[in-house]
Amino acid sequence: MPDYDQYLNPDATVIYPHRGKMLLLAMAAIAAVALSFWVWRTEEDIEYHVAGIVGVVFFGGGLIYFLMRLARPRPSLVLTELGMVDNASALGGGFIRWDEIDNVSITPFRNQQFLAIHLKDPTEFLGRQPFIKASIMRMNQGLVGPPICIPRSALPMTLEDVIDKIRQKCPGILVE
């Protein structure tokens with residue numbers, strides 16, 4: 001977990017996640033864990049057992065993540081004069097300097113909108129990430145484009161409003 005104190009100053013723009021959405025996501029994860037557990041316990045085919053176990057592990061991990069975010073609220077985004085801290089999801093990129101960012105865009109993917117952070121050197125950025133996180137970010141890159149995609153659902157405002165706040169901190173940033 002990053003130390004946000006070094007980025008929190010009177011000039012920083014701090015955006016916290018929407019608590020109501022986090023609560024809804026936690027409830028959806030509870031339902032998915034319960035359904036996965038039921039499939040695992042009631043079905044006899046090995047494929048269903050495996051699917052049930054994978055569902056319990058995957059959605060259980062999501063449930064733990066959402067409950068932790070509810071219990072100990074941390075900023076989703078911190079915007080400073082030097083750059084931004086992305087902690088909007090489990091794959092948050094951490095601190096990214098403005099000079100590392102080529103442009104930002106709003107990218108749709110499977111009925112969800114993301115704030116895509118296009119980097120000048122994604123390889124260098126991914127090299128700073130832990131191995132597993134970097135591997136998942138590379139897969140994300142193959143699906144959506146950039147390795148950093150901030151989900152709209154993790155923010156309490158529109159992505160256009162977030163871009164306006166980014167432009168206030170970094171007026172020269174390109175928006176596509």
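This note concerns confidence and salt bridges in a predicted model.

1. Basis. Residues are numbered from 1 along each chain as its sequence is written, and side-chain values use heavy atoms, with hydrogens and water left out. In this predicted model, local features need pLDDT of at least 70 and side-chain atom pairs count only at pLDDT 80 or more, while totals for chains, interfaces and linings use all residues.

2. Confidence. The protein chain has a mean pLDDT (the predictor's confidence in each residue, from 0 to 100) of 87, and 97% of its residues reach 70 or more. Confidence is highest in helix α5 (residues 159-169), at 93, and lowest in strand β8 (residues 174-175), at a mean of 84. Helices (H or I, at least four residues) and strands (E, at least two) are DSSP runs, numbered from the N terminus.

3. Lys169 and Glu81. The count comes to 5 salt bridges, each defined as a side-chain nitrogen of Lys or Arg within 4 Å of a carboxyl oxygen of Asp or Glu. One of them joins Lys169 to Glu81, with the closest N and O atoms 3.5 Å apart. Because Lys169 lies in helix α5 and Glu81 in the loop between β2 (77-79) and β3 (83-86), the pair ties together parts 88 residues apart in sequence. Lys169 has 12% relative accessibility and counts as buried (under 20% relative accessible area; exposed is over 50%, partly exposed in between; 1.4 Å probe, protein chains only).

4. The network. Salt bridges link Arg97, Asp99, Glu100, Glu124 and Arg128 in a network. Within it, the closest N and O atoms of Arg128 and Glu100 are 2.5 Å apart, and those of Arg128 and Glu124 are 3.1 Å apart. Glu100 is buried at 10% relative accessibility, whereas Arg128 is partly exposed at 37%.
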